[in-house]
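Here are my notes on this one, in the order I'd read them with the model open. Have a look at the structure, then go through the points.

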Amino acid sequence: INSPPNCGSGSIPEIKTTQQKSFVKNPMSDPHTIDSGLLQKLVYDALVWSSLHGLVVGDRNVQRSGSIPGVGLVHAPIALLPYSFPESHWKQACELAPIFNELVDRVSLDGKFLQDTLSRTKKVDAFTSRLLDIHSRMLQIGKKEDIRLGLHRSDYMLDENTNLLLQIELNTISCSFSGLSCLVSELHRSLLSQYKEHLGIDFGRIPKNNSAIKFAEVLAKAWMEYNNPSAVVMVVVQPEERNMYDQHWLSATLTERYPFCITTDSSGIGIQDSIPWLVLLPCQMDGIQFHLIPSNGKKLNFVLINTHNVRTIRKTLAEIDAQGKTLSDGTLVVDGETVAVIYFRAGYAPNDYPSESEWKARLLMEESVAIKCPSISYHLTGTKKVQQELAKPNVLERFLDNKDDIAKLQACFAGLWSLDDSNAVKNAIEQPGAFVMKPQREGGGNNIYGDEVKETLVRLQKEGSEEEAAAYILMQRIFPKDFPTLLVREGICYKEQAISELGIFSSYLRNKEKVIVSEQCGYLMRTKVSSSNEGGVAAGFAVLDSLYLT
Ligand SMILES: N[C@H](CCC(=O)N[C@@H](CS)C(=O)NCCC(=O)O)C(=O)O
Ligand SMILES: [Mg+2]
């Protein structure tokens, strides 16, 4: 079906196919068999739903779409139907979330481990070197982060040969799509329930996805721990951001859903007394009277007063350098606003630091008492070199006590090697297709695949530059089963063979010895054409998908 036949009112979404028709009844196992009339209705309704529910991104063809909200919107690239995924592996991925949270926190506290692990990378990778300099400075001044906030996403693929769920990487900075991914799950649940008769698929098999609310909730709880009702959450953003709606979903949820209802009893206890059982309640409960009887039995009467909206401000690194300062007590003030929490959605890639101004801003924030998400230590803990080091025998044991937890993490580790491992390098030169070479970069589009792995390794050997070798790690390439899918991008539905990558969001909030939050917070399913090496939705290869448990 290459040219969309006209049918009744207006034009309908075009459907492109490169596959021969195959007759399989169950649309989930082969959505390419859905008849074209039904398919066009599904696509049309999915596009309407996405537009009405803010499942949108800035259109790369519209110049101002990354700077002016509401200008140049296009629906987010989506899979039309959810991706079938074994329930056992889904549960395994969810179970790993709090364990990885704990690992990140423990590793982040071992400054020497981070510096040593990255010491050779430091010599050849200027960006990582600058991050390490800031980290060293914090160690020198004995900076302590009593309140630690992590918003992570651990990405996995299901390896077809071994049927093992293997971790691609653990992202500890600027994890995208917690705002949009929950909408994709809602879209699919809505479509499957609306077309139940036609598709006969149980939408109940799509796990609830609370990624936006859960991330907003932990940002609100961190703000509460900072304990200054007039302070703000500052989102560090790039000057141009077509994924701004994914970010705005968090800010809007934070403001609309968590205007702080603080509790005060007749004696006027307020937020300043940080009542340990202080709770987050939707603001609609304003004015409700209630009482609590804590363990000491002394009944406390409360009335809910809706006193604070947790406000957010958006600033680029350059703006923070120009408008920010720290007071003598370490308070960070930017553009006149006291900052309680810094949520980085920029600062993870060299391009984010075009001048010294951006590095000054990063240092200013790190030195302040604002709660960083992530701190420089959390950021470094999420590098691929650290990932590779943690996969070595007897390293996890330095950070985790529970043997079962250690075994669970190791079970999801793919092969990871440094280029010092001559055996691994030899194998990679012989079978480059079975490996991926990764620099210490975030944001997609930086990895080396296929023959280029061989060429790069041979070049490095020839140059004998041990140095440059330290900029990369080698990783086992994971081959998930590919499957027929329907991708909808810019209003056009494509019938493709695709593979998928499951990202599990998790949040971690700790104040000194007290772990306030450590939980899985929904998921991101990214589906990409199996022929493309790189993933990445923002990079234009993958689409947002959801899960159908089988
Ligand atoms: N524009 C920035 C993008 C931030 C970003 O690239 N984050 C990395 C982890 S560091 C990531 O999550 N990549 C997967 C998302 C994809 O597939 O495109 C934002 O959205 O704030
Ligand atoms: Mg990443």
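1. A word on handedness before the helices: a crossing is right-handed if the near helix is turned clockwise from the far one by less than a right angle, and left-handed if anticlockwise. Helices here are DSSP runs of H or I with at least four residues, strands are runs of E with at least two, and both are numbered from the N terminus. This is a predicted model, where local features need pLDDT of at least 70, side-chain atom pairs count only at pLDDT 80 or more, and totals for chains, interfaces and linings use all residues. Residues are numbered from 1 along each chain as its sequence is written, chains are lettered from A and ligands numbered from 1 in the order written, and side-chain values use heavy atoms, leaving out hydrogens and water.

2. By that rule, α1 passes α6 in a right-handed crossing. Helix α1 (residues 36-52) packs against helix α6 (residues 181-194) at about 140 degrees, their axes 10 Å apart. Axes are lines fitted to C-alpha atoms over the stretch in contact, and angles run from 0 to 180 degrees between N-to-C directions. The pair is therefore oblique (under 35 degrees is roughly parallel, over 145 roughly antiparallel, 65 to 115 roughly perpendicular, the rest oblique).

3. Now α5 (residues 126-140) and α11 (residues 356-367): their axes come within 10 Å and cross at roughly 30 degrees, so α5 and α11 are roughly parallel. The crossing of α5 past α11 is right-handed.

4. On to ligand 1. There are 19 residues around it, with R153, N243, R345, R526 and V537 coming nearest (a heavy atom within 4 Å counts as near). Six of the shell residues are nonpolar, eight polar and five charged (Ala, Val, Leu, Ile, Met, Phe, Trp, Tyr, Cys and Pro are nonpolar; Asp, Glu, Lys and Arg charged; the others, Gly among them, polar).

5. Look at the polar contacts too (N or O pairs within 3.5 Å). A ligand 1 oxygen lies 2.7 Å from a side-chain N or O of R345, and an oxygen of ligand 1 is 3.0 Å from one in the S176 side chain. Taken alone ligand 1 exposes 520 Å², of which the protein buries 94% (Shrake-Rupley, 1.4 Å probe).

6. Two backbone spots to check. The C373 to P374 peptide bond is cis, omega near 5 degrees, with P374 in the loop between β16 (371-373) and α12 (376-381). N163, not a glycine, has a positive phi of about 55 degrees.

Conventions:
Polar contact = N/O pair within 3.5 Å; in protein donor to acceptor, adjacent residues only side chain to side chain.
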